[in-house]
Amino acid sequence: MSLLEIKNLTVSFDTAAGPFMAVQGIDLSIEPREVLAIVGESGSGKSVSMLAVMGLLPNTATVKADRMAFDGVDLLKLSPSERRKIIGKDISMIFQEPIASLNPCFTAGFQIEEVLRFHMGMDRAQRRARAIELMKLVGIADPELRLSSFPHQMSGGQCQRIMIAIAIACNPKLLIADEPTTALDVTIQKQILDLLVSLQAKYGMGLIMITHNMGVVAETADRVIVQYKGRKMEEADVLSLFESPKSNYTRALLSALPENAVGDRLPTVSEVMFEPAPSGARA
Amino acid sequence: MTRVVEGKNIVRDYHVGGGLFTGPRTVHAVKGVSFNVDKGKTLAIVGESGSGKSTLARIITLIDPATAGELFIDGKKVDIARGGLTREMRRKVQIVFQNPYGSLNPRQKIGDVLGEPLLINTDRSAADRRDLAMKMLKKVGLGHEHYNRYPHMFSGGQRQRIAIARALMLNPSLLVLDEPVSALDLSVQAQVLNLLADLQDEFQLTYVFISHDLSVVRYIADDVMVMYLGEAVEYGSREEVFADPKHSYTKTLFAATPRADVASIKARLAKKKAA
């Protein structure tokens, strides 16, 4: 059985100019122990579809799907309080801006322990021991000392490690990483990606990487979904995607990579791509 | 070949005033960096946050004075700590910032954005300024109809075009680009890089291109300087640096850059299977 199964997901936002379709009929499934990358540019709906799974969209959003099931549980039928028991425990998410996604008013230790208290019902001593264990796991030096550090006292890379520690605190079955390294330096990016992939392998989690960086896809994914303007353009395993991309859009994206430049000019997506917009894509 | 900008042993220290419980200290942001760029060429400065690359950009752009060292622009020695800045010098170096959402005034129409440098630095008439702004819009791939619009009506890529247009209004001899494409999507990034290459060909522009993305640097640069903790640990032509990195930090940087070619994916998958 798939870990997460989504069929025909549509998300629309109510705006002053009428409903805006951010995601149009996305099908997606991820198996346990799999690394799935969702690639697309801004506005492709890649984050929105995952936020819909997490139930983190604002009230203006309307989520419709034929099926949205996690581990056999229908997410569409859950009450908010039932959903909160799954979110943060069995499915957890890491966001793009590590410094912004931690609460500046509380210490790193408090924020890790909060999850453990809420979902695992551990007592104080157990929480502290587990928090130190988690910090060691994500590669933070001097965990005992860092428990009482505030987010502003740590670097972006360290904050992202704390975020990962919070996300994996309850041994989730599925970890969703939304552009986890975009705000970080290349050398730190490498460390964080290695950490995510090693944790994924160690605990047999499913991992969804949302990214716009083809390099990150190539370095982490087993399978890739390419999205464009709310539609799925292509789905393939990572090797065949890079070796023989099927859709024009993927081909265009790959050829726009500076390292693939032939001669002086970079082919741009609009040049390579279908003009006008692809059949079925939002105008 | 004329030399547009030359720096000799540039040093920049910041004195951080002490707080209630800490004494004052000195941060050595740039520790003696030398470089030069010829007309029509691009020097890329690579490094991570805290390496001093943006401080160096501020010094080259004449925003910040250097603590020590000499800076020559178009062969003339410039020291803004002493002697200040003339209009003429201010015209010669322009900068494009990383975030096109933050670098344009949301309450200023595009026409005024482009006219402003002329208004401040030249004595041109309003009609002249309008004419020049219209021409510049065309050059960066926008149209006359954009003249009266506000920044929020544009996409990120278009805004970066506007920022580039504004920088070019005064015909600068040197353009400093501080991570100009890192906030942009891949496909838009390609368009902006193409635009920069076209403008360089057309006007013989000289670029100092600051980036942390090695694949972009490899595409656009003639010379590459790698900075680490305020020092230039590697400096040479693009071919030299990429083919044979000497310093261990450069090697680390290359190793950390994600690779998107089929061979490395195959290698990774094989490794994963074996594990």
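Predicted model: local features only at pLDDT ≥ 70, side-chain atom pairs only at ≥ 80, totals over all residues.
Which residue stands opposite Met68(A) in β5(A)?

Residues are numbered from 1 along each chain as its sequence is written, and chains are lettered from A and ligands numbered from 1 in the order in which they are written.

To the opening question, then. The residue opposite Met68(A) is Ile6(A). Strand β1 (residues 4-15) of chain A is joined to β5(A) by 4 bridges, and the two run antiparallel. Strands here are DSSP runs of E with at least two residues, helices are runs of H or I with at least four residues, and both are numbered from the N terminus. Two strands are said to pair if DSSP finds at least two bridges between them. In general, strands of a sheet pair through backbone hydrogen bonds, either parallel or antiparallel.

Strand β5 (residues 67-70) of chain A shows a covered face, formed by Met68(A) and Phe70(A), and an uncovered one, formed by Arg67(A) and Ala69(A). β5(A) also pairs with strand β6 (residues 73-74) of chain A, in the antiparallel sense and over 2 bridges. There, Ala69(A) has Asp74(A) of β6(A) as its bridge partner. The hairpin of β5(A) and β6(A) has 2 residues between the strands, and Asp71(A) takes a positive phi near 55°.

Val39(A) has Thr211(A) as its bridge partner in β9(A).

Which residues touch the most other members of the largest nonpolar core? They are Ile112(A), Ala165(A), Ile208(A) and Val208(B), in a core of 150 residues. Helix α7 (residues 156-168) of chain A gives the most to this core, with 8 residues. A nonpolar core is a set of buried Ala, Val, Leu, Ile, Met, Phe, Trp, Tyr and Cys residues joined through C-beta atoms within 7 Å. A residue is buried if 20 or more other C-beta atoms lie within 10 Å of its own, exposed if 12 or fewer, and partly exposed in between, with C-beta atoms placed from the backbone. Not counting residues up to four places away in sequence, Ile208(A) touches Ile30(A), Leu36(A), Ile38(A), Met50(A), Ile176(A) and Ala177(A). Contact means C-beta atoms, placed from the backbone, within 7 Å.

Chain B comes next. Its secondary structure comes to 10 helices and 10 strands, and buried residues make up 40% of its 275 residues. Of its contacts with a separation of 6 or more, 67% are between residues 24 or more positions apart.

In strand β6 (residues 93-96) of chain B, both faces are covered: Val93(B) and Ile95(B) on one side, Gln94(B) and Val96(B) on the other, all buried. β6(B) runs parallel to strand β7 (residues 174-178) of chain B, joined by 4 bridges, and Gln94(B) stands opposite Leu175(B).

Tyr228(B) is placed in strand β9 (residues 223-228) of chain B. Why does Tyr228(B) count as buried? It does so because it has 21 C-beta neighbours inside 10 Å. Leaving aside neighbours within four places in sequence, Tyr228(B) is in contact with Gly47(B), Ser51(B), Val233(B) and Tyr249(B). Tyr228(B) and Ser51(B) are 177 residues apart in sequence, yet 4.8 Å apart in space, C-alpha to C-alpha.

Lastly, the contact between the chains takes 30 residues from chain A and 28 residues from chain B. On the side of chain A, α9(A) gives the most, with 5 residues.

Definitions and conventions
Contact = placed C-beta atoms within 7 Å.
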